[in-house]
Amino acid sequence: MEKPHFSGFAKKFLKKHVSHHELAPDDSHGMLLYVEGVTKSFDGFKAINDLNLYIQEGELRCIIGPNGAGKSTMMDIITGKTKPDAGSAWFGQNINLLELDEPSIAQAGIGRKFQKPTVFENMTVDENLELAMSGPKTVWTTFKGGFTSEQIDMRDHVLELIGLKALRNKNGQVLSHGQKQWLELGMLLMQKPRLLLVDEPVTGMTRQEMDKTAELLLSLEGSHTIIVVEHDMDFVRSIARKVTVLHQGHVLAEGSMDQVQSNPEVVEVYLGTSQC
Amino acid sequence: MILIKVIYKALFTLSLFLMLSSSAFALTSDEAYAVISNKQSSFDAKLEAFYTLSDSSEKYVPVLIDAAKNSNLYYSRKDSELYVLANGNYFNVKTSKVFSGKKRDLKRVAINNQIRESLALLSEMKTLEDKTLSEDARIESAHNLIGKVSISDASRLQFIRDTSISDFPELAENLDYVIASADLNSQEPKIRNGAMRILANLNSPILIQKFEDIAKNDSDISNRVYAEKIYKNLSSTQSFYSGVETLYFGISLGSVLVLAAIGLTITFGVMGVINMAHGELMMIGAYTVYVMQQALPNNPGLALLLSIPMAFLVSGLTGIIIERTVIRYLYGRPLETLLATFGISLLLQQGVRTIFTALNKNVVIPDFLSGAIKINDFFSITYSRFYIIIFCLAVFFALRHILKHSRLGLEVRAVSQNRAMARNMGVRSERVNALTFGLGSGIAGLAGVALSQLTNVGPNLGQNYIVDSFLVVVFGGSGNIWGTMVAGMTLGIANKVLEPVAGAMLGKILILIGVIIFIQRRPRGLFPQRGRNVED
Amino acid sequence: MLELLKRDKKGCSVLGVIWFFVLLMILGNTFFEDGNLFYVGANSITLVGKYLCYALLAVSLDLIWGYLGILSLGHAAFFGLGGYVMGMYLMRQIGTRGVYGDPLLPDFMIFLNWDSLPWYWLGVNHFWFAALLIVLVPGILAFIFGYFAFKSRVSGVYLSIITQALTFALALAFYRNEMGFGGNNGLTDFKDILGFSLSSDSTRLTLLFLSALFLTIGYFICRKIVSSRLGKVATAIRDAEMRTRFMGYHVVWFKLAIFTVAAMLAGIAGALYVPQVGIINPSEFNPICSIELVIWVAVGGRASLYGAIVGAILINYAKTLFTGLFPEGWLYALGLIFILVTIFFPKGIIGVLEAIDLKKFQKSQETLTASVENQVVENTTALASSMLEKSKE
């Protein structure tokens, strides 16, 4: 069925404006993400205060910090949801994240898993994954529909990876909380991101599921760059190579888990209050 | 050329003389009466007849002139008698007897604008000459005559002035102004100049045109310069006061908008309920006034005052019923509340049509709401608008007090910020919801009381205000009564500023477009609600 | 296309019923005389034609409300615009047959002492040009309005209210005589369309046929959209706009494209409506018209497309019936329908019918979920490593 009202002009217009130049981060210096001197305040409250964060290509970085340390706001800034008051954020050497909106940043290769899993409940597991599928995401291409065989392979592969193959035709609403988390991770992988921002991936998971999640994340290390924000210290310890501690919107300490844990300042403001 | 001008002038003077002295010729008062009641008479003849009558001492003359001036004078085709229409009855001018014949035999006495103006002049003259009247009334008449009198009539005034200077100095002073305003037309530059000096400090908008005329065309240069000065003075005063007036009208319209919208701020902003029946709750308030006035037919003012608490109760109770029966099933689904409450609005409208019929009801405007305080000739404060502003402010601050300082207000704020937490802390959110909705609805009822004095009370009253109210709420930022205040006033004033420039309809369209653009730029309004939970 | 038809059995049967009746009416009018039991008169033809236009309008609203989550309270404005363009074309066809007999100017312009045709009336006497404008005018307005609204992320209730303000502003504008669209009275007294007299039965039948045809075409355009990946993206936007954005979709353009298509379909519906009812006036822009339209869709059942058709036809049939029998009662009935449907049947008539199926479905679901849980864990380890290899390539 052709759409008679999409005149050639409209088609061209939509193509021109909806599709955009394929941006790829230039990581020739080995660094994938630069966040420098970023400050953001809400109604006078400084959620982020002169934050500096550098993430290397292929790194798996854990970010911890007490509630209100600015973890979510930092993610919001990297993914374009929030614009900072000052500072800069670059993806590779060439992509200024502050100039792009959320979809463009996502297309450039930054994927985000939200704290609260938001899978599409009225769609099947398959459809959820297909929706996230990397590739051109314009009105016209989605209308024409269809997937290449590579894309279908990719979907099936991820489906197995997250263990939801048996549920592939079931709606998102019938999944358990843990399964939703997995589906969400799967959707993240479907986007083929260079950088994954994973916000509290193991909330609501059993110990067993948690271990498997850790394994999955570790297996992605090297090929992907990953930032994990997590509250669960055991989980962090099980995957962390390098940990960044945020406090009051500022980097308090950075280093291996042992280094960070022995840092008196960190013990004071964070671990001191709740030994976990 | 000069010759022609001279001839014209001579003719003009002659005709003036003829008009003035026409009564000296010919007609008796009975003849004049006959001329007026004859439909064949020309306008000129009628004018002459009116002049004749005005000079006569017949008792019926003031009534007749007054009726003629207001187009209430009728003649009978049967007996050529004149009748005055008053309170739906026709009274014989001479005998004061009520007309008993067929109504189609009565025809209005046709007059033109020239006659109407002359009659107005004549009746003011009569008032001035009538020493039995109070000084204030006579001063009022003198005031009305400024700028409207010809030089020839002025001489008649001069006599009244001279005879009243000792007893009524204020009247005499006002008459001086009238005479001076006539003298502005004098042939003699010096007289014109003297008249201007008398009038220089009299701020009268009527004379602006005249001064402008003199400033441009006077043969005497010093007169031109002097007139120019006064003209500039006057016109700057005029534009100042017309600005003040626009502001005043704007604030009063803004008050109406705030009244209409502020209840909605509570239900929409605080509770997240899109109440499309809000307009109908106002309508109920307005009908309450009507019912109260029917119950107290002899005291419409008292009925109106009593309607204020009554309307609050009636609309508030209706609101609580709506909340308990419909809205409570729909919390958290704003679009659904919109649909369901629209259904309610249809029911309420149709209910009113069934009970009160679809016709507009006549709500009496009590005396204390009509009239105006006159600040000067450029500007006066009409009571109705003034009271609306006061009423709006009273409602606003009462509501603010309730929200800030009462237990209910505290609970309302708690529930609106975090329903689950408030419930955990022992706030009975069911009750709070019902009461909050009742409060918002009650305020809609109060707005209805105000609207009953401004527009037609009918089943469609609510619909006319609902879109405006929503715009005010959204423009101001939902849930913020100060925002509603600022937004309502802004829209009201903008409306009145645009009205003379763009016309009422186009002005309204411009404002709608303006608000649409504004909302698109700042989707959360002027004063957005703060907090984490408002995202998305 | 065939695949699409197979998967949409309910929609096809609804349309099938409509075509059955339309064909019956055509036959009834052509082969039987007045007085015969099977004869179908001009009034019935016009009435059904009107319902079908409303149905197309409702389908277009369901596309944006049901699938994209945009509750427009001003959607009938696009219907009105399409109608006005058609009205202008029909007005120009009157020619010298108007009361004043001016070959160029419609009567109302002569009445206003205008001496020339306003520029925006030029060209509409050509049918092809008018037909183009019927989709372009609503489309362009929707595009511009939508661009600003969606770009600044006005959504939910706020969007509903500004769409209402939009139609209100249009109503005020069209009530003005100076706008050049006949003011209060609108455009009326049409004579013929493409040379065929509007009062003849054959023209009416053709219009009825075209209404059914365009309803079918419009329905399948919408069906194609919602069952394509575009439709999935739209649903994703409806359910979690932010999430969709983070997946790399430029939400603005998706909303804009679908919103514009819906406006164009509404314009077509309006254009078919006007020659059948013989008048277009500013009351079509009254906010209440748009709200009634929302109710048709709500009653029929949102996010199904065919539900909108069912709702539009049933409610309007009920309206015709009620206003004939108890004119007082109609608004009561309408009000009650609004309330009852939103509280008790939020998914409308279609939803009630489908709820019976769903109950069976949910039972089978529960057993499945439990068994899958264990499988997840086992699969992961093995597959994580294969994923690793694959992504390294």
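User: What makes the crossing of helix α19 (residues 463-476) and helix α21 (residues 504-521) of chain B left-handed, and at what angle do the axes cross?

Analyst: The axes of α19(B) and α21(B) come within 10 Å and cross at roughly 35 degrees. Axes are lines fitted to C-alpha atoms, for helices over the stretch in contact, and angles run from 0 to 180 degrees between N-to-C directions. A crossing is left-handed if the near helix is turned anticlockwise from the far one by less than a right angle, and right-handed if clockwise; α19(B) passes α21(B) in the left-handed sense. Helices here are DSSP runs of H or I with at least four residues, and strands are runs of E with at least two, numbered from the N terminus.

The model is predicted: local features need pLDDT of at least 70, side-chain atom pairs count only at pLDDT 80 or more, and totals for chains, interfaces and linings use all residues. Residues are numbered from 1 along each chain as its sequence is written, and chains are lettered from A and ligands numbered from 1 in the order in which they are written.

User: Why is C:F32 called partly exposed?

Analyst: C:F32 has 13 other C-beta atoms within 10 Å, and is therefore partly exposed. A residue is buried with 20 or more such neighbours, exposed with 12 or fewer, and partly exposed in between, C-beta atoms being placed from the backbone. C:F32 lies in the loop between α2 (9-31) and α3 (42-66) of chain C. Not counting residues up to four places away in sequence, C:F32 touches C:F38 and C:Y39.

User: Why do A:K192 and C:R153 receive that label?

Analyst: A:K192 has 15 other C-beta atoms within 10 Å and is therefore partly exposed; C:R153 has 16 and is likewise partly exposed. A:K192 is in the loop between α7 (177-190) and β7 (195-199) of chain A, and its phi is near 50 degrees, a positive value in a residue other than glycine. C:R153 is in the loop between α6 (127-151) and α7 (156-175) of chain C, with phi near 60 degrees, also positive in a residue other than glycine.

User: How do you know that helix α11 (residues 251-277) of chain C is close to its expected span?

Analyst: The expected span is 1.5 Å times one less than the number of residues. The 27 residues of α11(C) reach 39 Å from first C-alpha to last, close to the 39 Å expected. α11(C) is mostly covered, with 26 of its 27 residues buried. Just after it, C:G278 takes a positive phi of about 80 degrees.

User: What makes strand β3 (residues 60-64) of chain A paired with strand β8 (residues 225-229) and strand β9 (residues 242-247)?

Analyst: Two strands pair if DSSP finds at least two bridges between them. Four bridges join β3(A) to β8(A), in parallel, and β3(A) pairs with β9(A) over four bridges, also parallel. A:L60 has A:I226 as its bridge partner in β8(A), while A:C62 has A:V243 in β9(A).

Technical notes: Two residues are in contact if their C-beta atoms, placed from the backbone, lie within 7 Å.
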